[in-house]
Structure formats: structure tokens, C-alpha cells
Amino acid sequence: MEVVKEQKSKNLWQHAWGTLLSDKFAVTSMAIVTIYFLVAIFSSLGFIAADWTKEIGPSYAPPSADYIFGLDIFGRSVLAKTLKGTEVAMSVGLVTGIISMIIGVTLGGIAGYFGGKIDEVIVWFYTTFNSIPYIMLLVAITFILGKGILAVYLALGLTSWVNLCRLIRGEVIRHKDREYVQAAAAIGGGDFRKLFLHILPNVMHIVIINFSLQFQTAIKSEVILSYLGLGVQGQPSWGTMINDAKLELARGNWWQLAAATLAMFIVVLAFNTLGDALRDALDPKLKGK
Amino acid sequence: MNIYTYIMRRLLYVIPVLLGVCAIVFVLFNLVSPDPTLIMLGKHASVKQMAELRAELGLDRPMLEQYFDIVKSAFTFDFGRSWTTKQEISEMIKAGAIPSLTVTLPAFVFSTILSIAISLLVAFYRGKAIDKVVVFACVALMSISSLAYILFGQYVFAFKLGLFEISGYDAGFPYFIPYVLLPILIIVIISVGPDVRFYRTVVLDEVYQDYVRTARAKGLGEKKILFKHVLKNALIPIITFVVIRIPFLILGALLIESFFSIPGLGGITLNAINSSDFPVIRAMTVLSAVAYIIFTVITDVLYTLVDPRVRLS
């Protein structure tokens, strides 16, 4: 008799990882995102761009071999400011993503799982919340919290969970009566165990895809908040750089705007591409579209 | 469920949502926001001055009364007066609506038509090189900050090349046209990326349906399938997407209007934000929320009329 060796089949995550690695756009995007994270970490530790405040040449020196991205009004290196700005951008993306993930998954999970009155209340709450224009909520929250990076985190995090909440709710409703959840109930699993240990891991792909897209939206929104004068203070961010450029452009000084736009473009493009690749890899229904 | 009961229920649902919106606005601007009298009078104001101003602005009235004022304003559109300009807010809104619409409406129409045309084209060539190039171009367009589009657009096309007016506005047709051309162009460029991506997915969702296979099996040409069968079915999500965006046209384009000095609602809102003019911010929030709620109901009702499957679920 032949002994059939048991072959371990790949699970969804291994499969998805394989798909991602075979997609060269996805790999490039992941590399770019990693580099940006490293720059952000190194700049916050003071290894990179720590001397961004230093005057290194004449005011508004254009880009040249000495100053790659030129200098700003105080003769500071635009390159150093752009690198330092990575810190704000990446932290805003990360913290905002985490806040909206926590609220969205918790509320969406509870609404979908328990249904009934609880569901009605949560659906009412996000419908209401969603009816108010995003920009007005942002403004109101920064008014209350005062200016600064903490206000930016909270304002963006608190206004961006509705979409995820809605998706998770729908997905949990579809999952809650499946056999594996019944099996979990049969062995004595309580509601919260079933929801958080059994159902949520199965809808996690939505969270990941959403996180990637959320990240780039937050980076873009930080720029708008900075333009409205409600953004980060006392530290360079791409938003404040673009805001400064408003007055500089009339004098023909385009490099600060170009540097900030370019830095932002690359990372946002990477997150967009990564989001699409993640969707292809994790959601087989959409494959090939 | 009967269609009329469904529509009735949908209409009644407006009430709790509207009360909720007013509650959020109340909490944000009347309850937890910093004392507006402090902002208006500065740090050195005396307690007496502050109390007088509070009474003048009606901030010393009972909380419940202040909440119901907001609810009432959602129906009567009587938002009181601006704190900075002392103008009647409803008059300011009336004056700002037209300039806003002269920018946002044409931009919306052009970008919608253009995006649907492009998405049908790429759906026709799905999987081919042109499809991939367009999809990538859309993602690239979406990845640039809207502020960069505005700044570069104004600098290059208006300031350097002199093709358009740099900023300003003249009321009345056709005097406003030279001033709105560049803003419209910029809005179209900003919206074409996300729009094409959305419409393309909508069209492709239909392309893989069974009825398309049937149409193909009975020998219909690809063009006929796409324009006759697919487009007709794709219209449902397209209409939803289009209608839901109308309220944002009324609110105006916040950044565009301020950069091009167009005296629309977006500019009014931005000024109010900069001067902490709470009644105006509150009015704009309530106004746009009401518009949003009305148009969501319209979409939902349209949806049930066109697609009977929705009612069943």
C-alpha cells in the first residue's frame, strides 16, 4: 500500500502573500512604503534631517548641485524639510488608520453581530455622521482640540471610520450564521469570543485593504488641514510646505511646492497601488477586473 | 415589502437623521467648542464684557432652546446673523450660491460625461494595454494633492502663459465665463481619476454577468452589448453616484473658490473658518447636511423604482 504524504495546503494569507510577491507593482510599492517608514523613523530619531532649521545658504537659492531641491525663505534646505515632513505624513497616516480601524471594526462588528436595536442605533449614528460634510467635522474638531498634530490625528481618525464600519457590518452579517460560528457556539464560545476570535479574522482582509487606502487619504487630508491653518505647527510637513508655496510661486520659486508634491505623490501612489494589489490578492471575487 | 410602505419608511427615517445631525452640530459648536466670546474679544476681555457679548449672541439661553434653534433652522433656513459681517446668513447663502454653481455645475457635468466615456472605452478594451495605461494614469492623477493642481494650474496657465484670468469674478452671464474656465478645468482634472476608476468597476461588474454571456451567445456584437445592454444596467449605480454628489456642488469648491477669489459659498465658509464665525459655519454644516439627506432619499427612492430587487432585501 502506498502511503500518501499529507500535504499542507496554503491558507488565504499565504496565498495572498504569494500573489503579492509575484506582482512587481506591489513589490515596488511595498519597498517604497518601507523606505518612507524608515526615513520617518530615522528622522524622528534625529539621524536624518535633524539640521533642517539651519541656514545653509542664501534665501530662495534655486535647485543646484549644492542644494538639490533649493532653499526656502530662511535659506533652509528644502530637501531636509521634505525628509522631515515624512515624519508627520507617515505618523498621520498610521495613527489615523489605527483610530478609524478601532472604531470602524468595533462598531461594525457589534452592529452586524447583534443586530436588532443595537444595529439600528449604530446605523443611525453613522448615517447621521456621514450626512455632515467631512471638512466641517474636521474644522469643528480642530477648533475644539486646538491646533497641533494631536488634533490632526483625532480629527482625521474620528471622521474616517464610517466606510469601514459599514463594510464590516455587512460582512459580519453574512458570516454570523455560518457553520464555523455555530461550531464555535456548540463548544461553548460566548458572543464576544465568536465575534472577535472567529468572525473578525475572516473579515480581516477588508480591514487591511481599507487601511492601505485610508493611509493615503490621511496624508492628502493633512495637506488640506495645513492649508486651512489647522494643521501641524512648528514642524515641517508637506502641507505647510505647500501652503508656504502659495506666496512663493508668484516670485517664481516653485521648488518647495515641487519637492513636497513629489514626495507626497510617490508615497500616495505606492499606497494606492498597494491597496489595489491587496484587493486582488485578498478578494478573489474581484480577480482579473 | 410594498413599494409605498418602503418609500414612506425611507422618508420617515429622515427625521431621526436630521435630529441627529443637529445634535452633533450642537455638541460641536455650542457645547464643547471653546468660548466664542474669548475668540472675539481677545485674551484681555473683562468678565463683564464677555457676559454682555454672550447675552447679545444669545449664548446664555438654556441649552435645550439653543438645540431647538438649530433644528428649526434646518427647516426655515433662518440661521441668524454672521458674527463678523453682521449680515443675514440666509442672504449671504443666496448671494453665494450662484457664483458657486457657475463653477461646480459645469465642472461636474463635463467630468461626469468625460469619465463615463473613458470608462466605457477602457471597458471595451479591458485587459489590453490601453486599459492598463488608463487605470494607471487615473491612480497617478489621484495621487497628486488637489492643492498642487490648483497652485501649479494657476501659476502655469494663468500667470505664466496668460491663457486664463488669474483670479476674480464678474457677476452675470456671460461676464463670469473667463473667470470660471480655469477653475472648471482644474476640477475636471481632479475628479476624472477617481471617477473613471469608479465607473470602470461599475461597467466591468456588469460585463461579467450572465445576461452578457447570453447576448454574446445569440450573436450580438461586442459594441452593441456594451452600449445597449451593459450601459443600461450600469446606469443604476451611475445615477446613484451622480445624484449623491449634487449636494456638494451647492456647498461649492472650498479651495478652488478661495484661490480664484470666486465669491461663492466655499469662500464664505473658508472666511468663516478663518474668523471663527460659528453661526456661518453652523449654517453651512446644517445646509449641506440637509441637502445630503434629501439627495440620499432621492437616490434610494430612484433605486427602488428602477431595481425591484432592492425592496426585497
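1. Helix α10 of chain B is followed by B:Gly219, a residue with a positive phi, near 95°. The helix itself covers residues 210-217, and the number of its 8 residues that are buried is 0, so α10(B) lies largely in the open. B:Asp210 belongs to this helix. With 7 C-beta neighbours inside 10 Å, B:Asp210 counts as exposed, because a residue is called exposed at 12 or fewer. Between B:Asp210 and B:Trp83 there are 127 residues in sequence and 60 Å in space, C-alpha to C-alpha.

2. The predictor gives an ipTM of 0.84 and a pTM of 0.86 for the complex. For chain A the average pLDDT is 87, with 95% of the residues scoring at least 70. For chain B the mean is 86, and 97% of the residues reach 70 or more.

3. By element, the lowest mean pLDDT in chain A is that of α5(A), at 82, while the highest, 94, is that of helix α2 (residues 24-45). In chain B the lowest mean, 64, falls on helix α16 (residues 309-312), and the highest, 92, on helix α7 (residues 129-142). Where pLDDT is low, predicted coordinates should not be read in detail.

4. Both chains are described by helices. Chain A has 11 helices and 0 strands, and chain B has 16 helices and 0 strands. Along the principal axes, the C-alpha trace of chain A spans about 80 × 55 × 35 Å; the C-alpha atoms of chain B fill a box of roughly 85 × 60 × 35 Å.

5. Burial and contact range can be given for each chain. In chain A, 48% of the 289 residues count as buried, and 67% of the contacts between residues at least 6 apart in sequence join residues at least 24 apart. In chain B, 34% of the 313 residues count as buried; among its contacts with a separation of 6 or more, 72% come from residues 24 or more positions apart.

6. Chain B is divided into domain 1 (12-76) and domain 2 (104-275). The C-alpha centres of these two domains of chain B lie 38 Å apart.

7. What lies between the two domains of chain B? The largest nonpolar core has 136 residues, and those touching the most other members are A:Val139, A:Ile242, A:Val267, B:Val25, B:Leu147, B:Ile256 and B:Ile281. Helix α11 (residues 255-282) of chain A gives the largest share of this core, 16 residues. Domain 1 (12-76) and domain 2 (104-275) of chain B both contribute residues, so this core lies between them.

8. Apart from neighbours within four places in sequence, B:Ile281 is in contact with A:Met136, A:Val139, B:Phe29, B:Thr269, B:Ala272 and B:Ile273. There is also a second, separate core of 15 residues, including B:Cys138, B:Met142, B:Val202 and B:Ile225.

9. The interface joins 32 residues of chain A to 34 residues of chain B. On the chain A side, the elements giving two or more residues are α4 (116-131), α5 (134-145), α9 (191-227), α10 (238-248) and α11. The largest share of that side, 8 residues, comes from α11(A). Sorted by class, the side of chain A that touches chain B has 22 nonpolar, 7 polar and 3 charged residues.

10. Two backbone points in chain B deserve a look. B:Lys86 has a positive phi, near 60°, and is not a glycine; B:Lys86 sits in the loop between α5 (63-76) and α6 (89-124) of chain B. With 7 other C-beta atoms within 10 Å, B:Lys86 is exposed. B:Ser276, also not a glycine, has a positive phi of about 50°, and its place is in the loop between α14 (265-274) and α15 (278-306) of chain B. B:Ser276 has 18 C-beta neighbours inside 10 Å and so counts as partly exposed.

Key. Residues numbered from 1 in each chain as written. Chains lettered and ligands numbered in written order. Predicted model: local features only at pLDDT ≥ 70, side-chain atom pairs only at ≥ 80, totals over all residues. Domains from an automatic or database assignment. Core = buried A, V, L, I, M, F, W, Y, C linked by C-beta atoms within 7 Å. Buried ≥ 20, exposed ≤ 12 C-beta atoms within 10 Å, placed from the backbone. Helix = DSSP H or I, 4+ residues; strand = E, 2+ residues; numbered from the N terminus. Contact = placed C-beta atoms within 7 Å. Nonpolar A, V, L, I, M, F, W, Y, C, P; charged D, E, K, R; others polar. pLDDT = per-residue confidence, 0-100.
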